[in-house]
Amino acid sequence: QVQLVESGGGLVQAGGSLRLSCAASGSFFSINAMGWYRQAPGKQRELVAAITSGGSPNYPDSVKGRFTISRDNAKNTMYLQMNSLKPEDTAVYYCNVRVAGPGPYEYGYWGQGTQVTVSS
């Protein structure tokens, strides 16, 4: 019973910035790791940023130094600050949240996706 609502996508020129948000609601004991994925037309979905429950981030080389992931546990919200955007960043961006329930398992949920388009 977890729902994720994404916002913040749009059209921006190369070199510009966007800030994505992902708000979680529903029934869960706690949120574990969270992350942002993206999928461009004709390509596989790829991880662009991840953050642990303790706030430690992880980035692939393609976005390191340009993107910053953060989370506000009091608001159950995750953010992705994207700076120095490039045309190759154009994709649909998806929020992924992993939560703990009453048992030993971890459950994963996806947001609806938000379009990011970077023009040259």
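## Surroundings of C22

Leaving aside residues up to four places away in sequence, C22 touches L4, V5, E6, W36, N76, T77, M78, C95 and V97, where a contact means heavy atoms within 4.5 Å. C22 is found in strand β3, residues 18-26, strands being DSSP runs of E of at least two residues and helices runs of H or I of at least four, both numbered from the N terminus. With a relative accessibility of 0%, C22 counts as buried; here buried means under 20% relative accessible area, exposed means over 50%, and partly exposed lies in between, with a 1.4 Å probe and protein chains only. From C22 to R38, 16 residues away in sequence, the C-alpha to C-alpha distance is 14 Å.

The structure is a predicted model, in which local features need pLDDT of at least 70 and side-chain atom pairs count only at pLDDT 80 or more, whereas totals for chains, interfaces and linings use all residues. Residues are numbered from 1 along each chain as its sequence is written, and side-chain values use heavy atoms, with hydrogens and water left out.

## Overall architecture

The secondary structure of the protein chain comes to 0 helices and 11 strands, and from the N terminus on the elements run β-β-β-β-β-β-β-β-β-β-β. The radius of gyration of the protein chain is 14 Å, close to the 14 Å that the globule rule gives for 120 residues, so the chain is as compact as a globular protein of that length; this radius is taken over C-alpha atoms, and the rule is 2.2 Å times the number of residues to the power 0.38. Taken along the principal axes, the box filled by the C-alpha atoms is roughly 50 × 25 × 25 Å.

Of the 120 residues of the protein chain, 38% count as buried. Among contacts in the protein chain with a separation of 6 or more, 55% are accounted for by residues 24 or more positions apart. The accessible surface of the protein chain comes to about 6500 Å², with 48% of that area belonging to carbon and sulfur atoms, as given by the Shrake-Rupley method with a 1.4 Å probe, where for residues only the protein chains shown count as cover.

## Salt bridges and charge

Side chains of opposite charge can pair when their charged atoms come close. A search of the whole structure finds 5 salt bridges, each being a side-chain nitrogen of Lys or Arg within 4 Å of a carboxyl oxygen of Asp or Glu. R38, E46, R66 and D89 are linked in a network of such bridges. R66 forms a salt bridge with D89, with the closest N and O atoms 2.8 Å apart. That pair links distant parts of the chain, 23 residues apart, since R66 lies in the loop between β6 (57-58) and β7 (67-72) and D89 in the loop between β8 (77-82) and β9 (91-100). R66 counts as buried at 10% relative accessibility, and D89 counts as buried at 1%.

A further salt bridge joins R98 to E106, the closest N and O atoms being 2.3 Å apart; R98 counts as partly exposed at 39% relative accessibility, and E106 counts as partly exposed at 37%. For the protein chain, the mean positions of the 10 positive and 7 negative charges are 1 Å apart, with Lys and Arg counted as positive, Asp and Glu as negative, and His and the chain ends not counted. The place of each charge is taken as NZ of Lys, CZ of Arg, CG of Asp or CD of Glu.

## Loop residues

Most residues other than glycine have a negative phi, and most peptide bonds are trans. N76, one of the residues that C22 touches, has a positive phi of about 50 degrees although N76 is not a glycine. N76 is found in the loop between β7 and β8 and counts as partly exposed at 26% relative accessibility. S84 is a residue other than glycine whose phi is positive, near 50 degrees; S84 is found in the loop between β8 and β9 and is partly exposed, with a relative accessible area of 42%.

G103 has its place in the loop between β9 and β10 (106-110), and at 37% relative accessibility G103 counts as partly exposed. The C-alpha atoms of G103 and G8 are separated by 34 Å, the two residues being 95 residues apart along the chain.
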